[in-house]
Each structure stands twice: as structure tokens, then as C-alpha cells.
Amino acid sequence: MKLEHDSLFEQEVEALIKEIHTQYGYDFSGYSRASVYRRVKRFLGQKHLASIDELRERLFSDSFFFENFLQEVTVNVTEMFRDPTFFLSLRENVLPILSTYPYIKIWDAGCSTGEELFSLTILLEEAGLLGRTKIYATDINQKVLRQAKEGIFSASHMAAYTSSYYAAGGKRDFSSYYTSNYGNVKFDSSLVKNVVFYPHNLATDTSFNEFHLVVCRNVLIYFNRQLQERVLRLFDESLVSLGYLALGKKETLAMSGISSNYSILDKSNRIYRKNS
Amino acid sequence: MRPLTKLIVMGGSWGGIQASLSILEGLPPDYSIPIVLVLHRLRNQEGNLQEIFSKKLLLKAVEVEEKEPLLPGHVYLAPANYHVLFEKDHTFSLDDSELENYSRPSIDVSFSSAADVFGKNTMGILLSGASRDGSSGLKYIFEKGGVAVAQDPSEAEVGTMPQAAIESIRGCTIMNVARIKEFLLSLHEH
């Protein structure tokens, strides 16, 4: 019967999650199950694997395969200047305040393949702040961090990114930020000169610095409420007083225990400011 | 006896807004089954769908918020640029992964996820549209023992989407908008 088959699938995935935690140290127990089950099913299809057993076998015998799995199960779909009004709001409402600090520290948490990171650096460059900003770009996945560092994106997206850039208040020639080559574009590496890339797991790691701005968009949606709370507390510990927190369009502080420490700066773009 | 319907998921594309409005307009404010509506729309565009639906419906029309519980008397609209998934505890999750059938939100994604959680208690309704999205998800609902309804393609503004479902699902129920409305009213528990 299909229903029993499915609950068996779920049991197997639950067992796999425990084993991954033991073997590789990645803790998926606080991830939204609807998404995890869907991603695992999708991965099985992509790799033509017939069962969780087969997947399990491959995961624990091949760490590259595991890295690949990690990239697929944690969603890494992103784009430059996603939600242009968010970037416009950062440009108009947040950067002018950040510019009053002699030195600015930003945490891009869950930076994935770097599209959001490069969008941020372009904003900072145009505000004349890039030279005195240090950005910590972190992700659970080392493979996407390597990609983010490269700043190489498909040329096929550039028309869409260019229009989002202008919608986000960009005034320059967007193509001046990259060089084109064989269907790809490479963004100017000086944009990420002051960026440090390193692996950080929001589910298990702790706070590691103090920041004026934490950007974490469309990451919390993949977590259950309990893990969301852990991560929001982690951000709270990592923000200076009067620091800014930027979440995804459908993510909110409203349900969290830290919400009383924050004021809403821009409701529709989910930008919050920590109280003094 | 047919299993109780505990969730209605409705999908539409071109012509889907009008069709879904006509169906939902007739439902009482305390309608006993939660309704989730996945309509294709332009990406990165702030729709005023919620406004349109709020004005015309007696039901409460809200955009899906992640981890919020599903409640009767509500029509939940899939937000632009996110897929809508269902958790075992009958709350929503949102997902910004790859487009499916060139769409996010995708009807297939929500239909399949609904069937995984609500099984035979799921009803899927596929309305007008020029896309291929929705038919495989509707088939999955049907295979899980749920009810698969397609809008009569001859009545739909664009019949492609319901037609695709009818061709792939033996046992798909074909109804026009007026019949779908009556059918939903007959499921309402006072």
C-alpha cells in the first residue's frame, strides 16, 4: 500500500538523518520535514537511486557524493538582487546609518553560491563603504562557498539581474562589474577582497563575532520553529546594539522570543533594528 | 463511503483567478474545510491578489505564512516566488527551490505535498491555464485515494491545463465552475 510505503520512506529518512549527524556531524533534525522529504526524493531521482539504502551506501562511502547531497538537500537556489525593493531599502535606509561607523562588519549567513553576497558588495561599493567593510560569508556547505568565492555566474541570467539591479536603485553600467567569457560572467574579484568565506552551521555552531548587519534570507523557512528560535538567538547575540537584521520576504521575528528587542525598520522587506 | 475531505487545494494559471473567484464567492465565512489556492503569477511582482480575494469573498483570504496552522474559514494564497508545502502537523512550509514547470509557486509541488500529508482526505481542483503544471500533482492526489477534479476544459478560459489532467487521470472528475461550487457546498459541515 502506498501510504505504508511512504511512511516507511519517512522512517528511513529519519534514520538517515541520525546517521548523517553521527558520521558527518551535520544535524538536520530541526529542518522542515516537508522540504527534506521532497529534496531527498528529488535527489534519488536525479542520481537514479532506487532506495534510501542505496543512497545511504553511497553517502557513507564517498565524501564527495555526500557534499553533492548536502548541496541538493539544502536548497541553493538564489539570484542577484532578489526582491529589488529589499536592496533598495538597504541602500536608502540602512547604508547611510552604517556609514557613520568607522569600520563596518556584516554577516551574510547562508550565502550559498554568492549571488546575494555580490549584490551586497555592489551596494557597498556604490555607497563608498566597501573599503571599510568586512563581510563574513558563511554557509553549511563548503562546495557552494568555493563557488561564491569565484563569483562566476551564468551569462543567461544577466538580463534579469541587470533589470533587478536598476530596480534596486543601481545607477551604473551593470556590465562594468563583470567580464564575460564562454557563456559565463566573472564578477570583479576586488568586490570580495574584504570578504572572508568559511563554513558555519546555523544548526550547531555558535556566535563568532559582532556585526552591524546580519543578512539571512530564505534560510529560516527550511527550519522548524525550534531551530528558527535557536538561529534568531544566535543572530541576536551576534548583533551590536542598534545593529540591523535582514530576513527573507516571508520570514519574521514576530513569533520569536527576541522580537521585543527589535523595532521594525521596513516591514515589507523584513528589515529589523536591534534596540539600544 | 467517500473519505472525509480535510483539505482542498486548488490550482490555476491563465483564467484561474476568475474561475477560482467564481467558485469561492459562494462559500460561507465558516466553511469547514481549509482551502489553499496556488495561482501562477509574474515573478518578483507584488500581486494584489489578496486584496482582490478579500473584497469578493466571505471567507478570509490570506497569504500563506510559513509554519502557520491551516484553519477552516480561510483561503490561503500561495505567495509569489515560493512553493507551498505541508507539514505533518498541518502547518505550512515555504520553499524557494527550483522552478517546477517554469513556475514558482508550482501547483504540482503543492498538490504532491498535500497528498503526502492528507492522503485520501485531499481534494485537488485544477482550473483554467495554458501550462502543463498541476496534472502530475493531481494524479498523485488521485493515486493516494484523494479526489481529483478538473474544470471542464470547454468552459475554461484556457483548457490546456485541465485537459492535460483529464488525459492522464482515469477517474478524474470533470465539472464546470457552477458544479464545483455546489460540490464544495455539499461538503460543508455546519
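Biologist: Where is His48(A) found?

Modeller: In the loop between α2 (33-46) and α3 (52-59) of chain A. Helices are DSSP runs of H or I with at least four residues, strands are runs of E with at least two, and both are numbered from the N terminus. Keep in mind that this is a predicted model, where local features need pLDDT of at least 70, side-chain atom pairs count only at pLDDT 80 or more, and totals for chains, interfaces and linings use all residues. As for labels, residues are numbered from 1 along each chain as its sequence is written, while chains are lettered from A and ligands numbered from 1 in the order in which they are written.

Biologist: What makes His48(A) count as exposed?

Modeller: The cut-offs run like this: 20 or more other C-beta atoms within 10 Å is buried, 12 or fewer is exposed, anything in between is partly exposed, with C-beta atoms placed from the backbone. His48(A) has 7 C-beta neighbours inside 10 Å, so it goes in the exposed class. Its phi is also near 55°, a positive value in a residue other than glycine.

Biologist: And why is Tyr102(B) called exposed?

Modeller: Because it has 11 other C-beta atoms within 10 Å. Tyr102(B) sits in the loop between β6 and α3 of chain B, and it has a positive phi of about 60° without being a glycine. Pro105(B) is in the loop between β6 (92-95) and α3 of chain B too.

Biologist: What kind of peptide bond joins Arg104(B) and Pro105(B)?

Modeller: A cis one, with omega about 10°.

Biologist: Why are α3(B) and α4(B) called roughly parallel?

Modeller: Helix α3 (residues 107-118) and helix α4 (residues 135-143) of chain B pack at about 10°, with axes 7 Å apart. The axes are lines fitted to C-alpha atoms, for helices over the stretch in contact, and angles run from 0 to 180 degrees between N-to-C directions. Under 35 degrees counts as roughly parallel, over 145 as roughly antiparallel, 65 to 115 as roughly perpendicular and the rest as oblique. So α3(B) and α4(B) come out as roughly parallel to each other.

Biologist: Which residues in α3(B) meet α4(B)?

Modeller: Ile107(B), Asp108(B), Phe111(B), Ser112(B), Ala114(B) and Ala115(B), and they face Ser136(B), Gly137(B), Leu138(B), Tyr140(B) and Ile141(B) in α4(B). By class, that contact has seven nonpolar, three polar and one charged residues. Here Ala, Val, Leu, Ile, Met, Phe, Trp, Tyr, Cys and Pro are nonpolar, Asp, Glu, Lys and Arg are charged, and the others, Gly among them, are polar.

Biologist: Over to chain A. What makes β3 and β4 of chain A edge strands?

Modeller: There's an open sheet of three strands in the order β3-β5-β4 (chain A), paired antiparallel. β3 (152-154) and β4 (178-181) each have a single partner strand, so one side of each is left without a neighbour in the sheet. The twist averages 30° from one strand to the next.

Biologist: How do you know that β4(A) is joined to β5?

Modeller: Two strands pair if DSSP finds at least two bridges between them. Four bridges join β4(A) to antiparallel β5 (residues 184-187) of chain A, so the pair meets the rule. Tyr178(A) stands opposite Phe187(A) in β5(A).

Biologist: What makes Tyr272(A) count as buried?

Modeller: It has 24 C-beta neighbours inside 10 Å, so it is classed as buried. Tyr272(A) lies in strand β10 (residues 271-274) of chain A, opposite Ile264(A). Strand β9 (residues 262-266) of chain A and β10(A) pair antiparallel over four bridges. They form a hairpin with four residues between them, and Arg270(A) in the turn has a positive phi of about 55°.

Biologist: Which residues is Tyr272(A) in contact with, leaving aside its neighbours within four places in sequence?

Modeller: Tyr244(A), Leu245(A), Leu253(A), Tyr262(A), Ser263(A), Ile264(A) and Leu265(A). Contact is C-beta atoms, placed from the backbone, within 7 Å.

Biologist: How do you know where the domains of chain A are?

Modeller: The bounds come from an automatic or database domain assignment, which gives domain 1 (2-73) and domain 2 (84-274). The centres of domain 1 and domain 2 of chain A, taken over C-alpha atoms, are 29 Å apart. Nine residues from domain 1 and twelve residues from domain 2 make the contact.

Notes
Contact = placed C-beta atoms within 7 Å.
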